[in-house]
Amino acid sequence: MIELKDITFSYSSQVNGGLHDINLTIQNGECILLCGGSGCGKTTITRLINGLIPRFYPGNLEGNVLVDHKNVDDFPMYELAEHIGSVFQNPRTQFFNVDSDSEIAFGLENEARPPKELRERVNATIEKLGIQSLRNRSLHELSGGEKQKVAFASVYAMNPNIYLLDEPSSNLDMDAIEDLRKHLQLIKKQGKTILIAEHRLYYLMDIADRIVFFEQGEIKGIYTPEDFQKIPTFKREAMRLRATDLKEVHPEISEVVQPVPLLKLRDVSISYKKKSVLKNINLTAGPGEVIGIAGHNGAGKTTFARALCGLHKHTTGEFLWGGQPQDRKKRLRLSYMVMQDVNYELFADSVKSECSFGIRNPDTALVEAVMEKLGLTPYGDKHPNTLSGGQKQRLAAAVSMICGKELLVFDEPTSGLDYDSMTQVADLVKELAALGKIIFIVTHDYEFVCRTCTRVLHIDHGEPCDIPVSVAEEKTLKKLFSIR
Amino acid sequence: MSSKKVRSGLWIDPRTKIVLLLLCVLTAAMAPSLFYEILLVCLVSVFGLSCGKIRYALIGMIVYMIFYFLTLATMQLHGSVQVMLVAFFGLVHKVYPCGFLSGIILTTTKTGEFLSAMNRSHISKKIVVPIAVMLRHMPTIREDWRFIKDAMKMRDVSPSLKNFLKYPGMTIECIYVPLMMAASKTADELTIASVTRGIENPKPRTSFIQVRFGISDLIVFLCFLAMFLAGQFCKGVFL
C-alpha cells in the first residue's frame with residue numbers, strides 16, 4: 001500500500017511541478033494513471049515514491065510518503081530499488097551496458113544475486129515478455145522502442161512490487177505502445193501495483209483502475225475509466241488532456257487544393273551503412289503542403305528526413321526544386337530540420353541573437369518581422385534555454401525563416417507533449433504552411449497528423465506509399481497507425 | 001552464454017587495463033630515445049588491434065608517425081624556433097602513448113565489467129559509481145556530436161578545421177553550448193536510472209559476465225613490462 005499524506009512540495013530549482021495538499025492512498029495491485037498538463041505535478045508523485053525526491057531533486061517537502069506503512073525517507077535508495085521499479089521517458093539514457101542481456105541483469109547484479117540465479121532470471125524475463133529477438137544484442141543498434149523494452153525488462157527482472165512509469169510511451173511508435181500495454185497487463189495480472197504518469201491516455205483505458213487528474217499541483221478529480229471516457233471532448237481538451245479513444249479522432253477536413261508542384265523526388269534510393277534503407281521514392285510536393293512521415297521505430301524515417309535536407313550522403317536518384325536538380329549542398333541551403341531535441345540547434349545567449357546567429361550581415365528588419373510573426377518579440381532578450389519546449393521549436397522555425405529556408409522538416413515535434421502544447425505546435429505548422437513553406441513531419445502521433453497533415457508518407461523498408469489525410473481515407477490511416 | 005556476438009577481439013580484465021596504463025605512463029616518462037617512443041606507440045597500436053579497435057589503432061599510429069617526422073624535421077632547424085618546437089613536440093611524445101592507450105581502454109571497457117572488477121578490488125562505491133557513469137557517458141557524447149554537426153551544417157557553420165581557424169569563437173560556441181546542455185541532462189538521467197536500480201547497494205556485486213584474469217591478461221602485462229624494463233636497462237639498443 002502506498003499512502004501520500006498531506007503532501008506539499010516545491011522544487012528548489014524549478015517553478016513548475018510542485019504539489020499542494022495531496023492525499024492519495026493506493027492499494028496493492030491497483031493500477032493508477034496520473035494525468036494532467038505539463039508541469040501539473042504528476043511526475044513529481046512518482047519521484048516522491050521512488051525516493052528521488054528529496055535525494056536527487058531537492059526541495060521543500062511537507063507531509064509523509066508511506067510504502068507499506070513505512071516512511072520512504074527512512075530507507076536508502078538501493079533498498080527502495082528492490083521493491084520499487086522505475087521506467088523513464090528517454091530510452092537513450094536509461095541503459096548502462098552495451099548489450100541487452102547484461103542490461104537486463106544490471107539490477108540483479110546490484111542486488112548481488114548469485115550468477116546462476118542471474119542467468120535464470122534473465123532467461124525467465126526474456127521468455128515472459130516475449131522479447132527473444134532482443135536477446136544478446138548491442139544496445140546502440142536498437143531502435144528507441146526496443147531500448148524501452150529492454151529498460152522495462154531490466155526492471156521486471158528485479159521483480160519489484162511497485163512499478164512506476166514516467167511517460168514511458170513518449171518515444172514509441174503505435175506497435176511498441178501496444179507491446180507496452182501487453183507488458184502492463186502481464187504485471188497487473190501478477191498483482192503488482194502500477195503507477196503511470198502519461199500524456200497518451202488511450203492505451204491505458206482498459207488497464208487503469210483509477211485515473212487521477214492533476215492541475216497546478218492539486219488533485220482535481222479521481223475517475224474510473226468508464227466515467228473518464230464519458231467526459232465530453234471540449235471539456236477534456238480544456239483539461240489539457242489527450243484523446244482517450246483514437247477511434248474517435250477523425251481527420252480534419254481541409255480543402256484539398258492541389259498546389260503547383262515545386263519539390264520533386266525522382267527514383268530516390270537511400271542507403272545507410274551500405275545497406276539499402278529506402279528504394280524508388282517518387283514524390284511531388286507544392287508550397288503549403290504538410291506531409292507526415294509515418295512508420296515503425298527504426299524504419300528509416302529520420303534517415304529519409306536527413307537525406308531530404310542534404311545531411312545524409314548516400315543517396316541516388318534526383319531531387320528537383322522548381323525543375324532544377326539539387327545536389328546535397330543546395331538542399332542543405334534550402335532546408336531546415338527542427339530536431340526532436342531542439343537544444344542541439346540553439347547556440348546563442350539570447351533569442352534575438354539566436355535569430356541572426358551565423359549570418360554575416362543580418363537583416364534587422366527581417367529578424368524583427370519574423371519574431372513578431374511567430375510571437376517571439378516579448379522573449380527577445382531571454383536566454384533560449386529558459387524557454388519552454390514549444391517556444392524553442394518556434395525559435396528554431398524563426399531561424400529557418402530568417403535564413404530563407406523553404407523546406408522544413410520537423411522530427412517528432414510532439415513527443416511527450418500535452419494537449420495544449422500539441423495544438424500550439426499544430427498552429428505553428430499551419431502558420432508556416434500558410435507562408436508557403438513545404439513541411440515534412442516525422443511523427444507517430446495520430447491526433448497531430450489529423451490536425452495538421454495534408455498527406456502521409458508511409459515508410460517501412462522498401463518503397464514508401466503516399467496517403468492523403470481525408471475522411472475518405474480514414475480507414476487506411478487508422479490501419480497505418482495500428483488503431484484497432 | 002557469454003556475449004560473443006557483441007564482443008570482438010581480445011578480452012582484458014579492467015584491472016589489468018589500469019595496470020597497463022600506469023606502466024605506460026612510467027614507460028613514456030622515462031623513455032630513453034625517440035626511436036624507443038615509436039616502439040612503445042607500436043606496442044599500444046598492436047594492443048588496440050588485438051582488442052578489435054582496428055580503425056582507431058591504425059589512425060593512432062599514422063597520426064603519431066606524422067608527429068615523428070615533424071620532430072625529425074624540426075631537428076634540422078636552428079635558433080629559438082627550434083627550441084620552442086622541440087619543447088612542444090617533446091611534450092607530445094610524452095603524452096601521446098598514454099592518451100592513445102586510454103582511448104583504447106575507454107572504448108573497450110563495458111560499464112558492467114568495470115563495476116564488477118572494481119568491486120572485486122574493494123574500491124569504494126563513492127569513487128566507482130561516478131567513473132562508471134562517465135564511462136557510460138562517452139558513447140552518448142558521440143551521438144550528441146552527430147546531432148550538433150547536423151545543426152551546424154544547417155546554419156551554414158561548417159564543423160570543419162578550416163572554418164574553425166577562420167571563426168574560432170563562433171565554432172567553439174556552436175559545439176560547446178549544446179554539448180554542455182546535453183551532457184548535464186544526460187548525466188542526470190543516467191545517474192537516476194542507475195540509482196533507481198540499486199547501483200549504490202553495498203553488497204558485493206555479482207556479474208552476469210564473468211570477470212576473471214586469464215592467460216591473455218598475463219601475456220599483455222608481460223609485453224608492457226618487458227617494454228618498460230628494456231627501456232630502463234638496455235638503453236644502448238635504442239639510441
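Analyst: Quick ground rule to begin: two strands pair if DSSP finds at least two bridges between them, and helices (H or I, at least four residues) and strands (E, at least two) are DSSP runs, numbered from the N terminus. This is a predicted model, in which local features need pLDDT of at least 70, side-chain atom pairs count only at pLDDT 80 or more, and totals for chains, interfaces and linings use all residues. Residues count from 1 along each chain as its sequence is written, while chains are lettered from A and ligands numbered from 1 in the order they are written.

Let's start with the pair β17 (residues 407-411) and β18 (residues 438-442) of chain A, which run parallel and are joined by 5 bridges. In that pairing, A:V409 stands opposite A:F440 in β18(A). Both strands belong to an open sheet of 6 strands in chain A, with mixed pairing and the order β16-β17-β18-β13-β19-β20. At the edges stand β16 (335-338) and β20 (465-468) of chain A, each with a single partner strand, so one side of each has no neighbour in the sheet. On average, neighbouring strands of this sheet are turned by 20 degrees against each other, direction ignored. (Axes are lines fitted to C-alpha atoms, for helices over the stretch in contact, and angles run from 0 to 180 degrees between N-to-C directions.)

Helix α15 (residues 419-434) of chain A lies across β13 (290-294), β17 and β18 of chain A, and runs at about 155 degrees to β18(A). Contact here means that the C-beta atoms of two residues, placed from the backbone, lie within 7 Å.

Now for another sheet in chain A. Here 4 strands form an open, antiparallel sheet in the order β12-β11-β14-β15. Its edges are β12 (275-285) and β15 (324-325) of chain A, each with a single partner strand, so one side of each is left without a neighbour in the sheet. Strand β11 (residues 263-272) of chain A is joined to β12(A) by 7 bridges, and the two run antiparallel. A:K264 has A:T284 as its bridge partner in β12(A). Helix α10 (residues 301-308) of chain A lies across β11, β12 and β14 (315-321) of chain A, at about 125 degrees to β11(A).

Residues 2-241 of chain A are 36% helix and 25% strand, and their end C-alpha atoms lie 25 Å apart.

With strand β4 (residues 59-67) of chain A, β1(A) runs antiparallel over 8 bridges, and A:S10 is bridged to A:N60 in β4(A). β1(A) also pairs with β2(A) in the antiparallel sense, over 5 bridges, with A:L4 opposite A:L24 in β2(A).

A:D21, in strand β2 (residues 19-26) of chain A, has a positive phi of about 55 degrees although it is not a glycine. A cis peptide bond with omega of about 5 degrees joins A:I53 and A:P54, and A:P54 lies in helix α2 (residues 52-55) of chain A.

Finally, the way out to chain B. Altogether, 45 residues of chain B are in contact with 48 residues of chain A. On the chain B side, α5 (111-120), α6 (125-154) and α8 (168-195) are the elements giving two or more residues. α8(B) gives the most, with 14 residues. By class, that side of chain B has 22 nonpolar, 10 polar and 13 charged residues (Ala, Val, Leu, Ile, Met, Phe, Trp, Tyr, Cys and Pro count as nonpolar, Asp, Glu, Lys and Arg as charged, and the others, Gly among them, as polar). Chain B itself is divided into domain 1 (11-110 + 209-239) and domain 2 (125-203), with bounds from an automatic or database domain assignment. The centres of these two domains of chain B, taken over C-alpha atoms, are 27 Å apart.
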